[in-house]
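Subject: The model you asked about

Hi there,

Here is the structure, ready for you to open alongside this note. Have a look at it first, and then read on for what turned up.

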Amino acid sequence: MQSYAPESLKTTIPKREDIYAAAQDGSILEAPAIRCDAQHNLIIQLDGLTGIMPREECALGIDTGQTREIAILSRVGKPVCFQVQRIEGNTAYLSRRAAQQEALHALLTEHIPGDIIPVRVTHLEPFGAFVDVGCGIVSLIGIENLSVSRIFHPSDRVSIGQLLRAVIVSLDADAGRVSLTHRELLGTWEQNAAQFAPGETVCGIVRSVEDYGVFIELTPNLSGLAEQRFPVSPGEMVSCYIKSILSERMKIKLNLIDHIGHAAAVPPPLSYFIESGHLSSWQYSPECCLTRLIRTDFAPLTEE
């Protein structure tokens, strides 16, 4: 199974000999787009050659209007994947669309729901994080699927350009669409709770303030509840004392200790409990918990 990586943040320029080889074998290269002309053709920086990517070759769907022109304009100053269609003199004609077609076909035919793939965050909206699943093909991880601990905006959890892992939820070959989730890779309740013990005082982030208490995130997949002893607001860092950890109720009881400050503008790196392979199912809730079930079932693996 060939892997088609997300477009990176690097600006490596492929060597001239690699460009000629790619024109023969169809391999996918990557180089920075340095300009977009008035006709919306991208000019790609190459070693000793002029790289031209015609407008209709800049992205899947540009020729049919399914993809907006901003998909071309926004690539200036960033790396783009491409296949070399032909070389005429000192000019190489390139196609990002062809590279995306190949990557999307592989994703839809070689993967199944439950497979874990690398993705890179491209931009954020209040409802979720858009990610590159390979060669600039974009999919969405809904905000509710970024973590179990609830957040108000994806920027509370991830940042643009960040490399993540994601799990395929579904594949729609007709629409050319891939649905993803992320929270399953950040550990179950028991795995996260095992990092803490009653009697400890730890740092946390206030995620919401309710009439009955304050929800404090200890890890991206673990929150506890504290009484509001003093005014706090969402996004604030606090210290808190762990009163008890109740697996059978999937609850952590906390006491607020003190203000620390506001959480960093850029979220800290994520710690994954699972980074690769395949998930047939995932259950966040402890087996002993009878009050709430959080579980994801993916399509089962089938024997060849």
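The model is predicted, so local features were taken only at pLDDT of at least 70 and side-chain atom pairs only at pLDDT 80 or more, while totals for chains, interfaces and linings use all residues. Residues are numbered from 1 along each chain as its sequence is written, and side-chain values use heavy atoms, with hydrogens and water left out.

**The overall picture**

The chain holds 4 helices and 17 strands; these are DSSP runs numbered from the N terminus (H or I over at least four residues for helices, E over at least two for strands). The C-alpha trace spans about 75 × 50 × 35 Å along its principal axes. Of the 304 residues, 47% are buried, where buried means under 20% relative accessible area, exposed means over 50%, and partly exposed is in between (1.4 Å probe, protein chains only). Taking contacts between residues at least 6 apart in sequence, 65% join residues at least 24 apart; a contact means heavy atoms within 4.5 Å.

**Around β1**

Back to that opening pair. Strand β1 (residues 29-36) and strand β4 (residues 79-88) pair in the antiparallel sense over 4 bridges; two strands count as paired if DSSP finds at least two bridges between them. β1 also pairs with strand β2 (residues 42-45), again antiparallel, over 3 bridges, and Arg-35 stands opposite Ile-43 in β2. The hairpin of β1 and β2 has 5 residues between the strands, and His-40 takes a positive phi near 65° in this hairpin.

β7 and β8 are joined by 6 bridges, and Gly-134 has Ile-137 in β8 as its bridge partner.

Which residues touch the most other members of the largest nonpolar core? Of its 34 residues, they are Ile-117, Val-119, Val-131, Val-133, Val-158, Leu-164 and Leu-180. At least two core residues come from each of α3 (96-110), β6 (116-125), β7 (128-134), β8 (137-142), β9 (163-172) and β10 (177-181). Another core of 24 residues lies apart from it, with Trp-189, Leu-222, Ile-252 and Leu-254 among them. A nonpolar core here is a set of buried Ala, Val, Leu, Ile, Met, Phe, Trp, Tyr and Cys residues joined through side-chain atoms within 4.5 Å.

**Aromatic rings**

There are 3 aromatic pairs in the structure. Rings of Phe, Tyr and Trp (its six-membered ring) pair if their centres lie within 6.5 Å; planes under 30 degrees apart are stacked, over 60 edge-to-face, and the rest tilted. Phe-127 and Phe-130 have ring centres 5.9 Å apart and planes at 85°, so this pair is edge-to-face. Phe-127 is partly exposed, at 45% relative accessible area. Trp-282 and Tyr-284 also have ring centres 5.9 Å apart, but with planes at 40°, so the pair is tilted. Both Trp-282 and Tyr-284 are buried.

**Two residues to look at**

Is Ser-244 buried or exposed? Ser-244 has 18% relative accessibility and counts as buried. Ser-244 sits in strand β14 (residues 236-246) and, setting aside neighbours within four places in sequence, touches Pro-198, Lys-251, Ile-252 and Lys-253.

His-153 is in the loop between β8 and β9 and is partly exposed, at 25% relative accessible area. Not counting residues up to four places away in sequence, His-153 touches Leu-124, Glu-125, Pro-126 and Ile-143.

Best wishes
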